[in-house]
Amino acid sequence: MTNKITLSQLETFLWESADILRGNMDASEYKDYIFGMLFLKRLSDAFAEERERVIAHYVQTGKSLEAAEVLANDHDEYAKTFFVPEIARWDNLKDLKHDIGSELNKATEAIEEHNTSLEGVLISIDFNIKNKLSDKKLQDLLSHFSKYRLRNEDFESPDLLGNAYEYLIKQFADSAGKKGGEFYTPSEVVWLLVSLLKPHAGMTIYDPTVGSGGMLIQARNYLAKNHEDARNLSLFGQEMNLNTWAICKMNMFLHGVTNADIKKGDTIRDPQHTKSGELMLFDRVLANPPFSLAKWGKDEADADKFGRFPYGTPPKDTGDLAFVQHMIASLNQNGRMGVVVPHGVLFRAASEKEIRKGIINDDYLDAVIGLPSGLFYGTGIPAALLIIDKNKPEVRKNKIIFINAELEYEEGKNQNKLREIDIEKIIKTYDEYQDTKRYSKVVELEQIKENDYNLNIRRYADTSPPPEQFDTRAILNGGVPISEINDDYIQETLMGFDVSCVFNKRDENYYDFKPEIESKEQLRDFATDASNEIIAQLERWWDKYKTSLHEINTQLQTAEATMWNYLEELGYE
């Protein structure tokens, strides 16, 4: 094959497959069938590629073609991929005409019978639902997925299929709306969290609410970006939703990860990553648990046999700090973790305050980072990141850094987004561990205790601007105060902008707008290189100072005289 498949080609191809199923089911439903069909095709093509290699190897050793083909049916020959039985190979699926759903179910069952690590992944997808998946629709899907061969040699880059799958997951999350949050965390937030935790080769990484596996994949991407061996990570995760667990397993395979330990089940009620009756401990733990989950398992937590809740258990209808404590309990003595939480976790009282108190007094909490609102599927509320370190460096002991990034983002139609510059600023501020005006503050634990263990971010790093200045003389007589223009906060907005393009200097204390600027709308014509923020500030000065009270009074007197002239002409005295 001479022309390699590009990422944009593959993304378009995969998203077009969704067009076939749109109409009688929504994205939260049809995503499973698209994922399942893609997985079947990739499994079959990867197996066919490896089978040809096995046959060629035996032919080279002197075996006949017939003998080599027989030997290629041995499961042990496929250590690098999954064994696909005859019934599930694409050549036997692509031309199915009748009872296609039933035949596809048989194919997925056969694959799982021959590959125990895939047990439950494919059979969770039922292709034999006649009222939603007619033979015609399934034929169209099979025909569509036959357009491209999905072997490693066909891809422009090694992780092409995995990246395209991530794209597909995001597109389905966008389409599913609120339900999208159940299986997908925006990649920018994930990358920020991973970058703050800085995993390295040889580490163990764990996500107790793994969803579709994005955080584990991004941990591998972080290593690759930093020129470390991305294969040298041990990945672990647990997911309660069966369909989402299956998506995660497929995600791992399509990224070339065959050794990730992804378990099914409720992490709080039944943690699966244990050893000799104890929790397994990890180097890095990261998660985006469901916000303020009700009925999360308080009764079971109160009788927890793993000792995960030394600071107490949260209320039965808000499980956030149950997940946080499970994560802390899953860290080794040098481990670090990051978790996404709603802001209520930072200041709610009663049992949640006692849990915060315990974590803070043990000096585990390293950073509290406020994120912009509207980043996550299913909720417009802002969230925060908690960074916890079981073994803080000396310079960070008995301190917490608060970072308030709530104002720095790209506004979107349905969702807001962290830009690369926003992510880099958070990471740089966290790493340098320094105060930044209206952005970050390093706070001693004693101050936290004096504030009754309240972690409300604005209490420590407030982004609110200072009160607006009003110059009485300028309001009475016009003119923009030079002292106001030179104010530190205003200068942050102006960012070196030369105000002389719109102002003439009246004296040592005031500027006047240039006389040729006759309306507020003309400001843009004179301040041609100004940003929208600078134009907005100029417009505020125009509204506040351009027309003085003295001028208004003169205009009022003129208008009154004109009115009396009209009245006299009409015969009124």
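**Working through the model**

Modeller: One point first: this is a predicted model. Leaving aside neighbours within four places in sequence, Ser117 is in contact with Phe82 and Lys249.

Biologist: Where does Ser117 sit?

Modeller: Ser117 lies in the loop that runs between helix H5 (100-114) and helix H6 (135-145).

Biologist: And why does Ser117 count as partly exposed?

Modeller: Its relative accessibility is 41%, and the class of partly exposed lies between the 20% limit for buried and the 50% limit for exposed, so Ser117 falls into that class.

Biologist: Changing topic: how many residues of helix H8 are buried?

Modeller: Ten of the eleven residues of H8 (residues 187-197) are buried, and the helix is mostly covered. Among the buried ones are Glu188, Trp191 and Ser195.

Biologist: What comes just after H8?

Modeller: Lys198 follows, with a positive phi of about 50 degrees.

Biologist: Now the helix pair H12 and H14. At what angle do they pack?

Modeller: Helix H12 (residues 320-329) and helix H14 (residues 351-361) pack at about 25 degrees, and their axes are 11 Å apart. Angles under 35 degrees count as roughly parallel, and H12 and H14 are therefore roughly parallel to each other. Their crossing is left-handed.

Biologist: Which residues make the contact?

Modeller: H12 contributes Leu321, Val324, Gln325 and Ile328, while H14 contributes Glu352, Ile355 and Ile359. By class, five of these residues are nonpolar, one is polar and one is charged.

Biologist: Last topic, the sheet of three strands: what is its order?

Modeller: The order is S12-S14-S13, in an open sheet with antiparallel pairing. Strands S12 (480-481) and S13 (503-505) are at the edges with a single partner strand each, so one side of each has no neighbour in the sheet.

Biologist: Which helix packs on that sheet?

Modeller: Helix H22 (residues 532-546) does, touching S12, S13 and S14, and its direction makes about 100 degrees with that of S14.

Biologist: How many bridges join S12 and S14?

Modeller: Two bridges join S12 to S14 (residues 510-513) in the antiparallel sense, and Val480 stands opposite Tyr511 in S14.

Notes
Residues numbered from 1 in each chain as written. Predicted model: local features only at pLDDT ≥ 70, side-chain atom pairs only at ≥ 80, totals over all residues. Heavy atoms only, no water. Helix = DSSP H or I, 4+ residues; strand = E, 2+ residues; numbered from the N terminus. Buried < 20%, exposed > 50% of the residue type's maximum accessible area, 1.4 Å probe, protein only. Contact = heavy atoms within 4.5 Å. Pairing = 2+ DSSP bridges. Axes fitted to C-alpha atoms, helices over the stretch in contact; angles between N-to-C directions. Parallel < 35°, antiparallel > 145°, perpendicular 65-115°, else oblique. Left-handed = near helix turned anticlockwise from the far one by under 90°. Nonpolar A, V, L, I, M, F, W, Y, C, P; charged D, E, K, R; others polar.
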